[in-house]
Amino acid sequence: MIGFIGSGNMAQAMFSGMISAGYAAKDIIITGMDSGKLELKTKRYGVQATTNNTVAARADIVVLAVKPYQFKGVIAQIKDIISDETLVISVAAGITIAQIYEMFGREIKLVRAMPNTPSMVGEGMSALVPGDLVTESDLEKAKAMFSSFGRCQVVKEDALHGVIAVSGSSPAYVYMFIEAMADGAVLQGIPRSEAYEMAAQSVLGAAKMVLETGQHPGALKDAVCSPGGTTIEAVIELEKSGLRQSVLNAMQVCADKSRKMSG
């Protein structure tokens, strides 16, 4: 049994992706405060649902998917019923493994994870940080779970601030880029709906080229830039506008905010 304490956007992205990948919906139970919303998710996905967080006692894996400010209250409800063999996975930004141990009053089998919302469509990118009590078997279970809705990597905990900037928050940057490209297409007379499809598919295809060819993004960019052609003109304009520096700056402030949240 896999229990999700919390059933908001991130939890939904995860369990819906897991179900799409073949996990049995009947073996997943979610909790939340709004019984109406829980009922809708039960009907849509076939999962079990309850407003009682003590369901954690029945689960082999417990995913803590509530907001960071809710952690202390939730952990107070479940800390005495979590078995020493239960694998706990936290997806909260800014709450460290040491802080979670302190809230439980002891060390537990804990994996700190940072997934992103594209998990909902099976294209998530997640980072996993195993605690000291996590066995190889435990870690393989976590990796299988997160790989079911995308890709995952095991990292050191101090790398998570960068992970948040490069994968946790970055879908927002990409959506802005797609929206801007679509606006540019509309400016050239392309209907809005077609513009969004063209822009989104181009981003998807470019990302797939990076992942599947193994080539450096710069080399793939060079291959599109014919001498004296249209693409190199556009690239030069993007460089003039400071695209790279804007992205670097955005990622820096994102990572800095994560550090402050952990402090």
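This is a predicted model: local features need pLDDT of at least 70, side-chain atom pairs count only at pLDDT 80 or more; totals for chains, interfaces and linings use all residues.

Biologist: Where is Asn-116, and what does its side chain reach?

Modeller: Asn-116 sits in the loop between strand 6 and strand 7. Helices (H or I, at least four residues) and strands (E, at least two) are DSSP runs, numbered from the N terminus. The side chain of Asn-116 reaches the backbone oxygen of Ser-167 at 3.0 Å. Setting aside residues up to four places away in sequence, Asn-116 touches Met-10, Gly-124, Met-125, Ser-167, Gly-168 and Pro-171; contact means heavy atoms within 4.5 Å.

Biologist: What makes Gly-214 buried or exposed?

Modeller: Gly-214 has 63% relative accessibility, so it counts as exposed. You'll find it in the loop between helix 8 (192-213) and helix 9 (217-224). Ser-20, in helix 1 (residues 9-20), has 67% relative accessibility, so it also counts as exposed.

Biologist: Why is strand 6 described as largely enclosed?

Modeller: Six of the six residues of strand 6 (residues 109-114) are buried, so the rest of the structure largely encloses it. Both faces are covered: Lys-109, Val-111 and Ala-113 are buried on one side, and Leu-110, Arg-112 and Met-114 on the other. In general, side chains in a regular strand alternate between the two faces of the sheet.

Biologist: How do you know that strand 6 pairs with strand 5 and strand 7?

Modeller: Two strands pair if DSSP finds at least two bridges between them. Strand 5 (residues 87-90) is joined to strand 6 by four bridges, and these two run parallel. In that pair, Leu-87 stands opposite Lys-109. Four bridges also link strand 6 with strand 7 (residues 124-130), but in the antiparallel sense; here Arg-112 stands opposite Val-129.

Biologist: What makes strand 1, helix 1 and strand 2 a right-handed unit?

Modeller: A crossover is right-handed if, with the strands pointing away from the viewer, the path from the first strand over the helix to the second runs clockwise. Strand 1, helix 1 and strand 2 make a right-handed β-α-β unit. Strand 1 (residues 2-5) and strand 2 (residues 28-31) run parallel, joined by four bridges, and Ile-2 has Ile-28 as its bridge partner. On its own two sides, strand 1 points Ile-2 and Phe-4 one way and Gly-3 and Ile-5 the other, all of them buried.

Biologist: Does strand 1 end there, or which other strand does it pair with in the parallel sense?

Modeller: Strand 4 is another parallel partner of strand 1, again over four bridges. Phe-4 has Val-63 in strand 4 as its bridge partner.

Biologist: What makes a group of residues a nonpolar core?

Modeller: A nonpolar core is a set of buried Ala, Val, Leu, Ile, Met, Phe, Trp, Tyr and Cys residues joined through side-chain atoms within 4.5 Å. The largest one here has 33 residues, and Ile-5, Leu-64, Phe-71 and Phe-104 have the most contacts inside it. Helix 4 gives the largest share, five residues. Apart from this core lies another, of 28 residues, including Met-18 and Tyr-45.

Biologist: And how much of the chain counts as buried?

Modeller: Of its 263 residues, 39% count as buried. The chain has 11 helices and eight strands.

How values were computed: Residues are numbered from 1 along each chain as its sequence is written. Side-chain values use heavy atoms; hydrogens and water are left out. Buried means under 20% relative accessible area, exposed over 50%, partly exposed in between (1.4 Å probe, protein chains only). A polar contact is a pair of N or O atoms within 3.5 Å; within protein, one must be able to donate a hydrogen and the other to accept it, and residues adjacent in sequence count only if both atoms are side-chain atoms.
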